[in-house]
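Visitor: Could you walk me through how to read a structure like this one? I would like to start with a chain and then look at a contact between chains.

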2 protein chains.
Amino acid sequence: MVDILHKVGIKAPLDEVYKALTTRDGLAGWWTTDTQGDSAVGGVLRFRFHASGVEVGGFDMKVLALQPATQVLWEAVDGPAEWIGTRISWELKQDGEHVIVLFKHQGWKEPVEFMHHCSTKWAVFLMSLKSLLETGKGAPSPDDVKIDNWN
Amino acid sequence: MVDILHKVGIKAPLDEVYKALTTRDGLAGWWTTDTQGDSAVGGVLRFRFHASGVEVGGFDMKVLALQPATQVLWEAVDGPAEWIGTRISWELKQDGEHVIVLFKHQGWKEPVEFMHHCSTKWAVFLMSLKSLLETGKGAPSPDDVKIDNWN
């Protein structure tokens with residue numbers, strides 16, 4: 001098992017950071033504008049990505065746990081084969097003027113090239129989350145920052 | 001053992017990407033402007049970071065292997081305790097119009113919060129490398145993109 005780990009610190013109220021991870025509007029502001037589904041515990045959030053107006057894939061995330069201002073936990077239930085069954089965990093804590101977000105994408109079976117890609121791409125989206133909360137403007141797909149030949 | 005993995009794709013000549021990872025001038029253009037030392041195999045590169053004009057730390061990397069246009073391998077021989085003995089590997093390959101960079105920072109003993117920070121920060125510096133090669137301008141320290149309370 002190998003994991004993707006990240007950390008960002010965000011100068012914004014803790015409850016706003018939590019909302020950006022737990023509401024469709026919040027998620028659509030930094031990850032992908034095409035965010036649908038049910039954001040409550042037990043629900044499934046559907047994230048879809050588009051290029052040149054055509055849907056090119058996405059992820060379905062079951063919401064396993066929500067602890068206000070503290071933790072969000074998802075399990076990937078549909079999407080690329082490498083993602084299915086993996087878990088994405090967000091831990092929040094206040095540290096001075098920053099809300100610290102500790103991110104983990106756990107349960108990868110092998111450290112394949114796609115995992116390298118997803119690790120860098122998660123960092124870019126975490127910076128988009130930070131930007132959304134600090135400036136009011138994120139960079140969700142389809143206007144996300146491109147990193148390589150897989151976008 | 002846990003690893004940091006990343007991938008970027010860079011639209012630039014392969015030999016220029018290799019030079020940006022294997023010469024002091026290249027490294028100073030995307031990681032830290034204060035890059036000193038010997039970039040040949042067996043040499044030690046000294047990377048130092050500054051904030052408000054004061055040196056705040058750095059890393060010494062022994063160059064273990066250089067394979068032109070293909071691979072660069074460093075070992076951290078001085079710096080934060082968590083880094084000492086870890087290895088940083090860069091694999092390069094051409095894929096269509098992109099030079100693919102597969103990055104690994106291997107040998108972390110524990111997935112501590114500092115590892116989360118370093119993972120995100122490496123992604124930001126890899127995007128700085130990409131920007132240097134594609135636009136002529138990177139964002140090396142001290143003008144690097146800040147990600148959290150640890151910078």
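Guide: We will take the fold of one chain and then the interface. Keep in mind that this is a predicted model.

Visitor: Which elements make up the secondary structure of chain A?

Guide: Chain A has 3 helices and 7 strands, and from the N terminus on they run β-α-α-β-β-β-β-β-β-α. The radius of gyration of chain A is 14 Å, close to the 15 Å from the globule rule for 151 residues, so chain A is as compact as a globular protein of that length.

Visitor: How many of the residues of chain A count as buried?

Guide: Of its 151 residues, 51% do.

Visitor: Now the interface. What area do chain A and chain B bury between them?

Guide: The size of an interface is often given as the accessible area lost when the parts come together. Here chain A and chain B bury about 2400 Å², with 57% of it on carbon and sulfur atoms. On the chain A side, A:L5, A:K7 and A:H116 lose the most area, together 29% of what that side buries.

Visitor: How many salt bridges are there between chain A and chain B?

Guide: The count is 6. In one of them, B:K7 pairs with A:E113, with the closest N and O atoms 2.9 Å apart.

Visitor: Which elements of chain A supply the side that touches chain B?

Guide: β1, β6, β7 and α3 each supply at least two residues. The largest share, 10 residues, comes from α3(A). By class, this side of chain A has 13 nonpolar, 8 polar and 9 charged residues.

How values were computed. Residues numbered from 1 in each chain as written. Chains lettered and ligands numbered in written order. Predicted model: local features only at pLDDT ≥ 70, side-chain atom pairs only at ≥ 80, totals over all residues. Heavy atoms only, no water. Buried area = accessible area lost by both parts, 1.4 Å probe. Salt bridge = Lys/Arg side-chain N within 4 Å of Asp/Glu carboxyl O. Helix = DSSP H or I, 4+ residues; strand = E, 2+ residues; numbered from the N terminus. Nonpolar A, V, L, I, M, F, W, Y, C, P; charged D, E, K, R; others polar. Rg over C-alpha atoms; globule rule 2.2 N^0.38 Å. Buried < 20%, exposed > 50% of the residue type's maximum accessible area, 1.4 Å probe, protein only.
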